[in-house]
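Keep the sequence and the 3D view open while reading.

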Amino acid sequence: IRIRAFPVTPNGSIMPLFSVIIPVHNRPVPLRRAIESVLAQSFRDYELLVIDDGSTDETGEVARSFPAVRYIRQERRGVSAARNRGAAESGAPYLAFLDSDDEWLSGKLAAQRDLIEREPRFRIHQTDEIWIRRGRRVNPGNRHRKPEGDIFIPSLDLCLVSPSAVVIDRSLFERSGGFDERLEVCEDYDLWLRIALDEMVGLVDEKLVVKHGGHGDQLSRLHWGMDRFRVYAVMKLLRDRAEDMSAARLDAARRAVLSRCVILGQGARKRGNNGLVAVLETVMRAIYDEDYSSTAFEILAEA
């Protein structure tokens, strides 16, 4: 029998198992749906925080209309900063994130509580999800199928962990440094890569998250050349952790950078963006020379 150690708050009350964190900016209608999906959970041992990232509409009013919500407002700093703020303001041993345009099915937290008790070796895990694009359900391709275990190498090609599906041990999140606040997009790709270098990732193979996409205010639709953020993420990891990588992982990371630089370079030349071409050539030279000390890649994180 496993006995859970219950952390306590400064006033002596027992801390819940999960801190649920919803970052939001100007999404009052989807936010209501997201909050209601959390409040409908069959497992009730959680606290719910909404981090309002500088909304200028009625988003704050929607959040404050729910007594169970702890509402925190900050000046506009981006989704990474909002999630990090939520983690810093919360106290439960496990963090569960939910994007404001997504929703959970009622058994989501219960299933992840069960995995925590059944497989304590997984300090980060996620559920499967249902995809909705422009109001219609779509089926993800095989390449998007969520893996379990050592996911580092396949995660170099595309992001295989969904923020709205993940639960992560607080200590692991804090040790990782959280989300990179320089990134407005691909911040999840960056964090999961850093974590997957050392950690096995668990999976609840049930579709317990409804992920809504295709709408105009998705951050991924507001930025050109998304691969430049991924190159930044991998180069940062090579700079910080290359010596800790196996030969196979190092080779896969180098190939991921080179292939993306080639594609980005082709687009940059067509647009006459010589500055970007020069940065990409510097990055590729670092890969060929196996010298990851240059910081030239950091400009790629600029929106």
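## Terms and source

Two residues are in contact when heavy atoms of theirs lie within 4.5 Å. Helices (H or I, at least four residues) and strands (E, at least two) are DSSP runs, numbered from the N terminus.

The model is predicted: local features need pLDDT of at least 70, side-chain atom pairs count only at pLDDT 80 or more, and totals for chains, interfaces and linings use all residues. Residues are numbered from 1 along each chain as its sequence is written, and side-chain values use heavy atoms, with hydrogens and water left out.

## Helix H8 and its neighbours

In the contact of H8 with H10, Val231, Met235 and Leu238 of H8 meet Val283, Ala286 and Ile287 of H10. Six of the contact residues are nonpolar, none polar and none charged. Here Ala, Val, Leu, Ile, Met, Phe, Trp, Tyr, Cys and Pro count as nonpolar, Asp, Glu, Lys and Arg as charged, and the others, Gly among them, as polar. H8 and H10 (residues 274-289) pack at an angle of about 35 degrees, with axes 12 Å apart. Axes are lines fitted to C-alpha atoms, for helices over the stretch in contact, and angles run from 0 to 180 degrees between N-to-C directions. The crossing of H8 and H10 is left-handed; that word applies if the near helix is turned anticlockwise from the far one by less than a right angle, and right-handed applies if clockwise.

H7 and H8 have axes that come within 9 Å and cross at roughly 25 degrees. H7 is therefore roughly parallel to H8 (angles under 35 degrees count as roughly parallel, over 145 as roughly antiparallel, 65 to 115 as roughly perpendicular and the rest as oblique). The crossing of H7 and H8 is right-handed. On the H7 side, Tyr189, Asp190, Leu193 and Arg194 meet Arg230, Ala233, Val234, Lys236 and Leu237 of H8. This contact has five nonpolar, no polar and four charged residues.

## Salt bridges

Side chains of opposite charge can pair when their charged atoms come close. A salt bridge is a side-chain nitrogen of Lys or Arg within 4 Å of a carboxyl oxygen of Asp or Glu. The count by this rule is 30.

What does the salt bridge between Lys236 and Asp180 tie together? Its N to O distance is 2.6 Å. Lys236 lies in H8 (residues 227-241) and Asp180 in the loop between H6 (170-176) and H7 (187-196), so the pair ties together parts that are 56 residues apart in sequence. Lys236 is buried at 9% relative accessibility, and Asp180 is buried at 11%. Buried means under 20% relative accessible area, exposed over 50%, and partly exposed in between (1.4 Å probe, protein chains only).

Arg194 is buried at 17% and Asp190 at 1%. Salt bridges that share partners join Asp180, Asp190, Arg194 and Lys236 into one network.

Another salt bridge pairs Glu89 with Arg70, at 3.2 Å between the closest N and O atoms. Glu89 is in helix H3 (residues 79-89) and Arg70 in strand S3 (residues 69-74), so parts 19 residues apart in sequence are tied together. Glu89 is partly exposed at 30%, as is Arg70 at 36%.
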